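Thank you for asking me to look over this structure before our discussion. My remarks are set out below as numbered points.

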Amino acid sequence: ATSSSAIDFLQAGTGAVARTSQSKMRDVISVKDFGALGDNSNDDTAEIQAAIAAANGGTVYFPDGTYLVSRLGTRGTWLVGQSRTGTIIKCNTNAGSTTYLVDQATDRDGTTANTTGGGGFKSLTIDGNSKTFISGLRTYGGGVIVQDVEVKNCVDGVTAGLPLWASFENIYSHNHTGKGFRTYAGAGGNGTSTTFKNCWADTCGSYGFHIEQLYYSSFINCVSQTCTSYGFYAEGNTNGLTACYSLQFIGCANEGGTVSPFYFKKQRECTVINPRIILPAASVNHVGWDDCTGTITDFSCVTAPTGGFYSIGFANIAGGQGSTVISGGTVTYDSAYEYYISSSGGTLNTINKTQSRRHYFTNITGANRAYAEVADVDGYAGLHVYADDGTKLMRLRRVGTPIFATGGAIATPLTNMTADVDVAFYISASNLIFQANIGGVAKTATIALIP
């Protein structure tokens, strides 16, 4: 017998079960089984779409080749190539409106809209071929995995709709007229628990990464390079929600561009660790911090901002005192926002700071709360005391303001007090004692306290 249905197959190993060769070969569906040629000449759309339908949510394998298609719907299906450099899905026609060449939000018939997640893409290249209105890859929903994929020559490269428990790793998205990567969610919704790792947006006509409506997710070692607009733009109020929570950006970098390399808007508990900025544009804030709270650690850029701009540009601050923590790095910002900043190490506004500031007593609450800090504010270097809402209550500096001597008289007032400007005072028994250096002579005055 020569039919595969009549030829037995037995896998090596204890417990292996006999099958027919036909059953074994049907474990994986190849686009070649349905007539796709991959010759960079014939249109393979119908053949590949038939393979996707037959897989019914399983895996469709692409041997190396260049497969010309107009559009593929892939709901819940795995598309796996032989190699990223050798397996190419390439657009062969213009579109009349925004169309994704490979679209998980389109069903396996290639036309019907879909809102079910799952599936993924591995070891292949998606080439929009610079066709009109053609974007590259759209994923949708939960459990999606995209790994070792290149997307090029599109409007937008990789778009993740409502990403839930999704993973994007080792993706090179480049040479687009629009965005390299984008996430989005429908009205009132948000993506969550998603990771972008080692993803690179290169030479895009808009944002490198446009992150909309994404909660507790991470961007790790991602890079935006030579993208015309923002490198990383994360916003949390584009679809009716007020803000997004708990995004992390770890070891991400931006090179080039014409506006702020990093811009965060309406983010809460946002964590930015070691943002690296290379060749930023002149006269821009390196990091935009627009109505955000969170932590910026080990800021890294060898080029100082110019034209009155800052390492961190604050705007629309709504968080409470100390709601932004800056730790490490060399950072500049508008000192008008000092009230909202807690710092721990680093050089902030040319001052080396290791601070633990804004101390409160547990028995002082509500309107009575106040805090103190040592800082250089409005030209007054010294101790500053504020009400809880940031109202300035008192400034004490070395020159021209009182010195409080808590342990009694200053032992050597002529050495420790500037002549004719400083005064120290303390209580001794029932008297208020003043000390001063008047023209180089130590003077003392006593005022009796009335019980």
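1. The model under review is predicted. The protein contains three helices and 42 strands. Of its 451 residues, 47% are buried. The exposed surface comes to about 20100 Å², of which carbon and sulfur atoms supply 52%. Among contacts with a separation of 6 or more, 47% are between residues 24 or more positions apart.

2. An open parallel sheet. Ten strands are arranged in an open sheet, in the order S7-S10-S12-S14-S16-S18-S21-S25-S29-S31, and the pairing is parallel. The edges are formed by strand S7 (72-73) and strand S31 (312-315), each of which pairs on one side only. Within the sheet, strand S14 (residues 158-164) runs parallel to strand S16 (residues 181-184), and four bridges join them.

3. The pairing of S13, S15 and S17. Strand S13 (residues 145-152) and strand S15 (residues 167-176) run parallel and are joined by seven bridges. In this pairing, Val151 stands opposite Ser173 of S15. S15 is also joined to strand S17 (residues 195-204), again in parallel, by eight bridges. Here Phe168 is placed opposite Phe196 of S17. As background, strands of a sheet pair through backbone hydrogen bonds, either parallel or antiparallel.

4. Aromatic residues. How many aromatic pairs does the count come to? The count comes to 25 aromatic pairs. In one of them, the rings of Tyr207 and Tyr233 have centres 5.2 Å apart and planes at 0 degrees; because planes under 30 degrees apart count as stacked, this pair is stacked. The two tyrosines belong to distant parts of the chain, 26 residues apart: Tyr207 is in the loop between S17 and strand S18 (209-212), whereas Tyr233 is in strand S21 (residues 232-235). Both Tyr207 and Tyr233 are buried.

5. A cluster of rings. Ring pairs also link Phe168, Phe181, Phe196, Phe209, Phe219, Phe232, Phe249, Phe262, Phe264 and Trp289 into a cluster.

6. The buried side of H2. The buried residues of H2 are Thr45, Ile48, Gln49, Ala51, Ile52 and Ala55. They cover an arc of only 155 degrees around the axis and therefore lie on the same side of H2. The buried residues of this helix pack against strand S3 (29-30), strand S4 (39-43), strand S5 (59-62), strand S6 (65-69), S7 and strand S8 (78-81). After the helix comes Asn56, which has a positive phi, near 55 degrees.

7. Ile52 as an example. Which residues does Ile52 contact, leaving aside its neighbours within four places in sequence? They are Val60, Gly73, Thr74, Thr77, Leu79 and Arg108. Ile52 itself lies in helix H2 (residues 45-55). With a relative accessible area of 0%, this residue counts as buried, because the limit for that class is under 20%. Ile52 and Arg108 are 56 residues apart along the chain, and their C-alpha atoms are separated by 6.2 Å.

8. Is Asp8 buried or exposed? Its relative accessibility is 64%, so Asp8 counts as exposed, the limit being over 50%. Asp8 is found in strand S1 (residues 8-9). The C-alpha atoms of Asp8 and Arg19 lie 5.7 Å apart, and the two residues are 11 apart in sequence.

9. Cysteines. A search of the whole structure finds zero disulfides. For Cys91, the nearest cysteine sulfur is that of Cys154, at 8.2 Å, and Cys91 is in no disulfide. A disulfide would require the two sulfur atoms to be within 2.5 Å. Cys91 has 0% relative accessibility and so counts as buried. Cys244 likewise has 0% relative accessibility and therefore counts as buried.

Methods. Residues numbered from 1 in each chain as written. Predicted model: local features only at pLDDT ≥ 70, side-chain atom pairs only at ≥ 80, totals over all residues. Heavy atoms only, no water. Pairing = 2+ DSSP bridges. Phe/Tyr/Trp six-rings, centres within 6.5 Å; stacked < 30°, edge-to-face > 60°. Buried < 20%, exposed > 50% of the residue type's maximum accessible area, 1.4 Å probe, protein only. Contact = heavy atoms within 4.5 Å. Areas by Shrake-Rupley, 256 points an atom, 1.4 Å probe, with all protein chains shown as cover. Arc of directions from axis to C-beta.
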